[in-house]
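Open the structure in your viewer and keep the selection panel at hand. The stops below go chain by chain, then to the place where the chains meet.

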Amino acid sequence: MGTAAAIVLIAAVAMFDSRGVFTTLPGTSPGDVGPSWYPFWAAALMGVAAVFVGYRTMVTPQPAEGAFATRESVTSVLKLVIPMFLYAFSFKWLGFYLATIVYMGFFAAYLGRYRWWGVLAAATLTPLAIYLLFEVAFRLILPKSIFYTMGFPL
Amino acid sequence: MLDVLGNLGGGFATALQPINIAFLLIGVTLGLVIGVLPGLGGTSGVAILLPISVVVARGDIAGANSTTAVILLCGIYWGALFGGVITSILFNIPGEPWAVVLLFDGFPLAKRKGKPGLALTSSFLSSFVGAFIATVLFTFFAQWIADKALSFGPPELFAVFVLSFTTLVGLGAESPIKAIAMLALGLLLAAVGFDTLTGSQRMNFGNIQLLAGIGFVPVTIGLFGIGEILASAEEQGIGYMERISARLGFKDLFEALGALRQRLWLVVSNSVIGFLFGVLPGHGATAASFLGYGLARQYAKDKSEFGKGEISGIMGPQATADAAGVASLVPMITLGVPGSPTSAVIMAGLFVWGLQPGPLLFIQHQDFVWGLIASIYLGHLFTFLICLAAVPLLASIMRIPYAIITPFIITISIIGSYSLNNSMLDVAFTIIFGLVGYWLRKMKYPLAPLVVALVLGDSTERELRKSLIAGQGSIGIFFSSPLATIMWVLAIVILLLPVLRMLRARMTGPSVRPPAPAG
């Protein structure tokens with residue numbers, strides 16, 4: 001029900017943004033429906049479909065809708081989502097390589113519970129392989145840390 | 001006929017160049033690895049490596065070009081088509097959605113009957129035969145389809161797009177209404193940014209970065225790559241997995257060949273049906289695999305062995321799935337309409353490399369098309385041989401600890417999305433759509449219509465408006481040719497199929513529904 005409501009909300013926002021569908025914009029070719037027609041009606045179709053889904057969910061409640069199976073399943077997902085967010089946010093300061101060292105090392109230590117040398121290997125080998133593949137072989141430059149301008153290599 | 005053989009010869013000359021062979025081997029090996037990993041599907045594997053294919057296509061590596069890039073991406077797909085079955089058969093965990101059907105008979109044959117080698121070789125052999133038959137059909141009919149497609153104008157092309165959207169809704173989708181919602185969401189996302197005909201801004205809410213639109217690559221990496229990892233984290237966690245050691249010997253191969261000879265009619269007919277099914281835009285190997293299983297059951301005299309390790313329950317769906325996988329490239333190459341989510345991502349690659357999929361591709365880029373077709377033959381041969389040789393090694397990938405493989409896949413997904421435009425906004429899209437994909441999957445919203453609509457949204461709108469401009473605003477233009485009218489009628493019939501199914505179900509009472517296809 002919540003998912004359908006969110007889709008209806010997105011549809012409403014998109015339809016509001018495309019309200020120009022009811023006016024002919026200057027420069028529109030004869031016969032053309034204009035730039036707002038397509039997003040407006042796509043949003044309308046999406047909204048109607050979501051209302052129908054929501055109605056059916058209300059009439060015949062779906063057990064899976066809106067609920068996680070167990071507390072463990074929520075924890076499993078959050079264990080991946082929170083570090084992923086922090087990893088992506090840290091690019092701005094740590095750059096790609098330092099962030100990846102921390103990220104891989106964290107998983108090896110926290111989820112894998114490896115010894116220090118295992119954590120070190122997991123944390124360094126992945127960024128090294130990515131450096132060799134992306135920067136050396138494919139010449140794609142990845143973001144560096146704020147220390148890079150001070151002479152730090154990563 | 002001679003023309004086709006001549007072109008195919010030229011294609012082999014292209015595909016057999018050392019650089020193309022090298023990338024084909026890299027592709028199929030990566031595909032096998034991706035196929036074995038339950039957290040990663042063929043579509044997400046192709047999507048994650050799309051940025052690398054851009055580097056390959058622009059010729060940064062000596063001798064490589066766009067043909068090398070498409071060979072790499074398709075190699076991943078072929079590898080994943082084969083590799084996905086390994087975990088189904090050995091661990092009872094499908095590596096790919098199209099390998100789910102092998103849980104019915106593959107795992108029982110491996111475990112209960114103690115024949116993992118026979119189960120694997122039967123699967124590889126039928127995959128190879130199915131793909132080979134489909135590639136022969138592709139070779140001889142793709143040009144014909146492309147020639148016919150050249151006579152298409154905007155109304156016909158718009159009808160093709162509508163038909164491909166309706167097949168996503170009408171055939172196979174578990175909930176047609178949810179499929180419509182996802183389709184419309186894809187069309188809406190495709191509309192963000194500049195309007196291509198008038199240059200007006202729309203749906204960017206004042207954000208300058210959104211004027212470039214929402215790229216389908218970061219979205220696809222998020223929906224399939226990150227989304228699948230989150231979904232499998234929730235469903236499976238880090239638990240005990242039942243494992244069977246696998247070694248393949250010549251005995252298994254001969255036994256599988258004997259089984260194939262007994263079921264030759266089933267494998268050949270399922271391959272042809274798989275090809276025809278895969279050519280329909282919007283379908284992939286998953287739906288075909290269930291169709292193939294149903295047909296195998298239908299043909300069997302003794303149905304009691306199904307579900308207990310019946311070889312027909314492996315060979316039937318595998319031949320159909322691989323044939324459909326190959327066939328899904330046909331509408332992508334000839335009409336510019338992807339036949340499956342994976343081919344939608346490969347088509348995204350063609351756009352990024354500066355190629356326009358569609359009938360003109362056969363005229364303007366003959367080397368590319370025939371090189372690709374020849375590489376399909378080689379790709380499947382290599383995959384088959386690698387599979388036979390490397391099953392124990394591939395099975396050991398499953399033993400890479402979760403704490404290493406999962407962050408590694410997320411890291412590769414994020415770099416893949418960043419490196420396309422050096423944009424952190426794309427990284428944000430990948431993460432957001434990763435969460436969205438996970439949630440939609442959980443709520444049983446199909447993702448394939450969203451991706452196909454996102455990829456085709458711009459072209460659909462362009463052809464719609466070009467038609468209306470040509471017809472001075474009259475909708476009669478959409479029925480101006482018999483071909484367009486036929487496609488509209490077909491689209492309406494397909495769209496009405498779920499309604500007819502529902503009415504029939506009401507009239508005949510409740511029935512058991514087969515598992516819904518996912519990709």
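A residue counts as buried if 20 or more other C-beta atoms lie within 10 Å of its own, exposed if 12 or fewer, and partly exposed in between, with C-beta atoms placed from the backbone. Buried residues make up 62% of the 519 residues in chain B. In chain A, buried residues are 32% of 154.

Before selecting anything, note that this is a predicted model: local features need pLDDT of at least 70, side-chain atom pairs count only at pLDDT 80 or more, and totals for chains, interfaces and linings use all residues. Residues are numbered from 1 along each chain as its sequence is written, while chains are lettered from A and ligands numbered from 1 in the order in which they are written.

**Stop 1: chain A**

Chain A has four helices and zero strands. Helices (H or I, at least four residues) and strands (E, at least two) are DSSP runs, numbered from the N terminus. Along the sequence the pattern is α-α-α-α.

Now view the whole chain. The C-alpha atoms of chain A fill a box of roughly 65 × 50 × 25 Å along the principal axes. The radius of gyration of chain A is 25 Å, whereas a compact globule of 154 residues would have one near 15 Å. That radius is taken over C-alpha atoms, and the globule rule is 2.2 Å times the number of residues to the power 0.38.

Contacts come next: two residues are in contact if their C-beta atoms, placed from the backbone, lie within 7 Å. Of the contacts in chain A with a separation of 6 or more, 52% are between residues 24 or more positions apart.

Zoom to R113(A). R113(A) sits in the loop between helix 3 and helix 4 (116–137) of chain A. Its phi is near 50°, a positive value in a residue other than glycine. Is R113(A) buried or exposed? R113(A) counts as exposed, because it has 10 C-beta neighbours inside 10 Å.

**Stop 2: chain B**

Switch to chain B. Chain B has 22 helices and two strands. Among contacts in chain B between residues at least 6 apart in sequence, 80% join residues at least 24 apart.

Select helix 12 (residues 264–279) and helix 14 (residues 312–327) of chain B. Their axes come within 7 Å and cross at roughly 35°. Axes are lines fitted to C-alpha atoms, for helices over the stretch in contact, and angles run from 0 to 180 degrees between N-to-C directions. The crossing of these two helices is right-handed. By class, their contact has 13 nonpolar, eight polar and no charged residues. Here Ala, Val, Leu, Ile, Met, Phe, Trp, Tyr, Cys and Pro count as nonpolar, Asp, Glu, Lys and Arg as charged, and the others, Gly among them, as polar.

Stay on helix 14 of chain B. How many of its 16 residues are buried? The count is 16 of 16, so helix 14 of chain B is mostly covered. Its end C-alpha atoms are 22 Å apart, which agrees with the span for 16 residues at 1.5 Å a residue.

Next, helix 2 (residues 18–36) of chain B. Its 19 residues reach 27 Å from first C-alpha to last, close to the 27 Å expected. Buried residues in helix 2 of chain B include N20(B), F23(B), L24(B) and G27(B).

Two loops follow. F205(B) lies between strand 2 (201–202) and helix 10 of chain B. Phi of F205(B) is near 50°, again positive in a residue other than glycine. F205(B) is exposed, with 10 other C-beta atoms within 10 Å. G114(B) lies in the loop between helix 6 (102–111) and helix 7 (116–150) of chain B. G114(B) is exposed too, with 11 C-beta neighbours inside 10 Å.

**Stop 3: where the chains meet**

Show both chains. The contact takes 48 residues from chain B and 50 residues from chain A. Which element gives the largest share of the side of chain B that touches chain A? Helix 19 of chain B does, with eleven residues. That side of chain B has 32 nonpolar, nine polar and seven charged residues.

Finish on helix 3 (residues 71–110) of chain A and helix 19 (residues 402–421) of chain B. They pack at an angle of about 145°, with axes 8 Å apart. Residues in the contact include L80(A), M84(A) and A88(A) from helix 3 of chain A, and A403(B), I404(B) and T406(B) from helix 19 of chain B. By class, the contact has twelve nonpolar, three polar and no charged residues.

Conventions: The expected span of a helix is 1.5 Å times one less than its number of residues. A crossing is left-handed if the near helix is turned anticlockwise from the far one by less than a right angle, and right-handed if clockwise.
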